[in-house]
Every structure is written in structure tokens, then in C-alpha cells.
Amino acid sequence: MGRTRVSTVVLDAHDAHELAGFYVRLLDYEIRSEEPDWVLIGPPPGTEGVSLAFETEPAYVPPVWPTRLPGDQQMMLHLDIEVDDLAAETARAVAEGARLHEYQPQDDVRVLLDPAGHPFCLWTQPA
């Protein structure tokens, strides 16, 4: 069997370029490739990290988390982003355009929504 690996996580949004810009700022990533409805970003050369891509989807509907009603657009996945300083990075994410979710299930995790409404978690290793 040949080599198989996950190379990129793709997120849909109303505006791929706007959402890519948010994650470029949040993760200190760089743009690797752009098309009118597609953007690929990743960590700078020589650093580790997962590439993210963003695709413009005119019919995009933000997910609901936690799910409340049958038929709600459910969260299909979310990004876990490890940070050293949870409070500082939460404040920075909000300053870049994220929204803190009203439901916070753990003390060492902050659930936020990106500008397109995708949930993501900032987390830190417990002391």
C-alpha cells in the first residue's frame, strides 16, 4: 500500500479569503496558494503545523454547538489549538475577530467561534 496521510483540513465559509486572513493572523501562518474561491495557508517553512484551506460556499450555514434542535447544522469538526497562555491567547483571538462561546465546558479550554461561526478550542496543558 502506498503512503496515505491527511495533508489539509478544509473549512467552508461565505468568504474564503476573509476566514483565511483570520487564521493567518491567529496562527502566524502564511498564505501558500490563492484562487478566487480557495485559499491554502500553512505554517512558515521549518515549523510544524497542519495546513488549512478555505473554500467559498455561497450557501454556507454556520454550525450550531452544542446542538440544540433536530435539523440544526451540526458541528462536523473543530480545531484544537494548543497555547501557552490561555487568557492572553483568548483575548488575542477575540481581538482578531473570534467570539467567545457562552458555553465553556472545561477550565483549561476556551471554546470560541471564528468569524464564519466554526467552533474552535484554545487549550493549555494542565499544570
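Two strands count as paired if DSSP finds at least two bridges between them. Helices (H or I, at least four residues) and strands (E, at least two) are DSSP runs, numbered from the N terminus.

Everything here comes from a predicted model, where local features need pLDDT of at least 70 and side-chain atom pairs count only at pLDDT 80 or more, while totals for chains, interfaces and linings use all residues. Residues are numbered from 1 along each chain as its sequence is written, and side-chain values use heavy atoms, with hydrogens and water left out.

**View 1. Strand 5 meets strand 8.**
Strand 5 runs parallel to strand 8 (residues 119-123), and four bridges join them. Zoom in and you'll find Asp 80 opposite Cys 121 of strand 8, and Ile 81 opposite Leu 122 of that strand. Step back and there's an open sheet of four strands, in the order 5-8-7-6 with mixed pairing. Strand 5 (79-82) and strand 6 (99-100) are at the edges with a single partner strand each, so one side of each has no neighbour in the sheet.

**View 2**

Start with the hairpin, where two residues take the chain from strand 2 to strand 3. Strand 2 (residues 30-35) and strand 3 (residues 38-42) are antiparallel, with five bridges between them. Ile 31 has Ile 41 of strand 3 as its bridge partner. Strand 3 also pairs with strand 4, again antiparallel, over four bridges. In that pairing, Leu 40 has Ala 53 of strand 4 as its bridge partner.

Asp 12, Asp 15, Glu 18, Glu 35, Asp 37, Glu 55 and Glu 57 make up a negative surface patch. Patch members have over 30% relative accessible area and no salt bridge, and like charges are joined within 9 Å. One of them, Glu 55, sits in strand 4 (residues 51-56). Glu 55 is partly exposed, at 35% relative accessible area.

**View 3. Two salt bridges.**
How many salt bridges does the structure hold? There are two salt bridges, each being a side-chain nitrogen of Lys or Arg within 4 Å of a carboxyl oxygen of Asp or Glu. Arg 25 and Glu 96 form one of them (2.5 Å, N to O). This pair links distant parts of the chain, 71 residues apart: Arg 25 is in helix 1 and Glu 96 in helix 2 (residues 86-96). Arg 25 is partly exposed at 39%, and so is Glu 96 at 26%. Arg 92 and Glu 89 also meet in a salt bridge (2.9 Å, N to O). Those two are three residues apart in helix 2, so about one helical turn separates them.

**View 4. Two backbone details.**
The peptide bond from Trp 65 to Pro 66 is cis, with omega near -15°. Look for Pro 66 in the loop between strand 4 and strand 5. Then find Asp 28, which has a positive phi of about 55° although it isn't a glycine. Asp 28 lies in the loop between helix 1 (16-27) and strand 2, and is exposed, with 54% relative accessibility.

Definitions and conventions:
Patches are made of residues with over 30% relative accessible area and no salt bridge: like charges are joined within 9 Å, nonpolar side chains (Val, Leu, Ile, Met, Phe, Trp, Tyr) within 5 Å. Accessible areas come from the Shrake-Rupley method with a 1.4 Å probe; for residues, only the protein chains shown count as cover. Lys and Arg count as positive and Asp and Glu as negative; His and the chain ends are not counted. The place of a charge is taken as NZ of Lys, CZ of Arg, CG of Asp or CD of Glu. Buried means under 20% relative accessible area, exposed over 50%, partly exposed in between (1.4 Å probe, protein chains only).
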